[in-house]
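Open the structure in a viewer and keep a selection tool at hand. The tour below moves from one selection to the next.

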Amino acid sequence: MTTTATTHSPTPVTVLGLGAMGSAIARTFLDRGHPVTVWNRTAGKAAPLAEAGASVAAGAAGAAAASPLVVVCLLDDDAVDAVLADVGNAVEGKALVNLTSGSPAQARKTERWAAEHGAEYIDGGIMADPPDLGTPNAHFSFSGSRAAFEAHEPTLMELGNGTYYGEDAGLASVEFMAQVATAYELLIGFLHTLRLVKAEGADPAEFADRVADSIAASYPPLLRGIGKAVRDGEFPPDMGPLSVQAALMDDLIDHRRSTGVDTTRMVEVKRLMDRRIADGHGGEGFSGLFPLLGADS
């Protein structure tokens, strides 16, 4: 990999955790000309980075003490708690950036820990694979201390494209979790649909090509429109009135049953449509199902 000097003053950075993503973070900072200190509980993982010019600390506290910017990237929240217990007051006066995947509640909990230990806290979510780091294909969400983010924004942006969502430390996780959940919700439905296509003897790959083309053309404005409808509490007929959409559902459900494809989601959609229509909202679009998605739905 070609080393590219940073366009601003190099900032010493510490990276705690050298799994695939943590190692990629450390190497990206090295490639941009930053002095990097690394630590990992399994010390052998630091060897390739040491060869690339990183300093290897003997312990987590020593690593944190070495830099004004401390980046944590571990497997889960339990691992973060364990490492921070070892770090302790070594983060005092520093910016602590946690890029470990976790919930908004976990982010706010870690922010409280950071405040108790004199550190400014930034939570982050990574929407990228390790090889994408340092390129426009890597996307990050950030939230937490505005002062710390603004101070270290040029350095953090060298990891990829990033957006700061506000001072509530949980907001980056809200964005990350919602983005990932949207993908899983879409993809599991897509897999069920491919099972139906294949059961009927059609080509799943050719069907996927057609769906990809239709999503590229029509789904972005549809998603934006549904988001606006949910925000405003007004539900126009985005995909046609529910009274018309509901008429298709029995055929969709029966078709799936006839081929042995799971009907759970379609049955749930039909149930919600019938409820909304019965409540006098048959002229609304698909976004009109949103008010029914409460705990008692």
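**The second largest pocket**

The residues lining the second largest pocket comprise twelve nonpolar, seven polar and two charged. Here Ala, Val, Leu, Ile, Met, Phe, Trp, Tyr, Cys and Pro count as nonpolar, Asp, Glu, Lys and Arg as charged, and the others, Gly among them, as polar. This is a predicted model, in which local features need pLDDT of at least 70 and side-chain atom pairs count only at pLDDT 80 or more, while totals for chains, interfaces and linings use all residues. Residues are numbered from 1 along each chain as its sequence is written, and side-chain values use heavy atoms, with hydrogens and water left out.

Select Gly17, Gly19, Cys73, Leu74 and Leu75: of the 21 lining residues, these lie nearest the centre of the second largest pocket. A pocket is an open set of points on a 1 Å grid over the protein atoms alone, where a 1.4 Å probe fits, with protein on both sides within 12 Å along at least five of seven lines; lining residues have an atom within 4 Å of a point. The space in this pocket is about 350 Å³, a volume being the space filled by probe spheres set on the points, which are joined across faces, edges and corners.

Next, show helix 1 (20–31) and helix 4 (77–87), each of which supplies at least two residues of this lining. Helix 4 gives the most, with three residues. Helices are DSSP runs (H or I, at least four residues) numbered from the N terminus.

**The largest pocket**

Move to Glu185, Leu186, Tyr219, Val269 and Phe286, which lie nearest the centre of the largest pocket among its 40 lining residues. About 2000 Å³ of space lies there. Colour helix 7 (171–199), helix 8 (204–232), helix 9 (242–259) and helix 10 (264–278), the elements that give two or more residues to the lining. Which helix gives the most to this lining? Helix 8 does, with 13 residues. By residue class, the lining holds 28 nonpolar, eight polar and four charged.

**The aromatic cluster**

Last, select Phe140, Phe142, Phe149 and Tyr164, which form one aromatic cluster. Rings of Phe, Tyr and Trp (its six-membered ring) pair if their centres lie within 6.5 Å; planes under 30 degrees apart count as stacked, over 60 as edge-to-face and the rest as tilted. The count comes to three aromatic pairs. One of them, Phe140 with Phe142, is stacked, at 5.9 Å centre to centre and 5° between the planes. Phe142 and Phe149 have ring centres 5.5 Å apart and planes at 45°, so this pair is tilted.

Are these Phe residues buried or exposed? Buried means under 20% relative accessible area, with a 1.4 Å probe and protein chains only. Phe140 is buried at 3%, Phe142 at 0% and Phe149 at 5%.

How values were computed:
Buried < 20%, exposed > 50% of the residue type's maximum accessible area, 1.4 Å probe, protein only.
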